[in-house]
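Grab a pencil and work through a few exercises on the fold shown here. Try each task before you read its solution.

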Amino acid sequence: MALAVGDIVFQSLGRRVGVITEPSQMEKCANELSDLETYLDSVEAYIGTPYIWGNYTILVLPPSFPMGGMENPLLTFASPTIIVGDKSQVYVATHEIAHSWTGNEITCRDWENMWLNEGFTTFLERKISG
């Protein structure tokens, strides 16, 4: 279970994607992630199966969040370090979107084979981001 609590707001970025962040950061985050629906559509088209989770929402957290991103089926937690003003770090969001298939829909049998999840996800991220 993942919880997000604080002074946060939601903004839709398309028919099935959105961003949640602090009100003071929303404009920067929405601009940086404006192509999120295109990335979701691209992964979906490449994989050949629909995105089964409904809406994809990314939560851009305060600077204290220690990781680039952590996907959950309905909400990705992301570090504010992905918001740099030139969309060069949005690949983190693409990586987390790809986990919707390789990690959340299908997954490895045990932690010993976790490299399969990350390997296939990284392949998809680079295929779409390339």
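Predicted model: local features only at pLDDT ≥ 70, side-chain atom pairs only at ≥ 80, totals over all residues.

Residues are numbered from 1 along each chain as its sequence is written, and side-chain values use heavy atoms, with hydrogens and water left out.

**Exercise 1. Work out the order of elements in the protein chain and how compact the chain is.**

Step 1: the protein chain has 4 helices and 5 strands (DSSP runs numbered from the N terminus: helices are H or I with at least four residues, strands are E with at least two). Step 2: read from the N terminus, the order is β-β-α-α-β-β-β-α-α. Step 3: the radius of gyration is 14 Å, close to the 14 Å from the globule rule for 130 residues, so the chain is as compact as a globular protein of that length. That radius is taken over C-alpha atoms, and the rule is 2.2 Å times the number of residues to the power 0.38.

**Exercise 2. Find which residues of H4 are buried and what they pack against.**

Step 1: H4 covers residues 114–129. Step 2: Asn117, Thr121, Leu124, Glu125 and Ile128 are buried, while Trp115 and Arg126, on the other side of H4, are exposed (buried is under 20% relative accessible area, exposed over 50%, partly exposed in between, with a 1.4 Å probe and protein chains only). Step 3: looking down the axis of H4, the buried residues fall within an arc of 100 degrees, so they line one face; the arc uses directions from the helix axis to the C-beta atoms. Step 4: those buried residues pack against helix H2 (36–47) and helix H3 (91–98), contact meaning heavy atoms within 4.5 Å.

**Exercise 3. Trace the salt bridges of arginine 15 to glutamate 37 and aspartate 41.**

Step 1: a salt bridge needs a side-chain nitrogen of Lys or Arg within 4 Å of a carboxyl oxygen of Asp or Glu, and the structure holds 6 of them. Step 2: arginine 15 pairs with glutamate 37 at 2.8 Å, N to O. Glutamate 37 lies in H2 and arginine 15 in the loop between E1 and E2, so this pair ties together parts 22 residues apart in sequence. Step 3: arginine 15 also meets aspartate 41 at 3.6 Å, N to O; aspartate 41 is in H2, 26 residues apart from its partner. Glutamate 37 is buried at 10% relative accessibility, arginine 15 is exposed at 63%, and aspartate 41 is partly exposed at 27%.

Conventions. Expected span 1.5 Å × (residues − 1).
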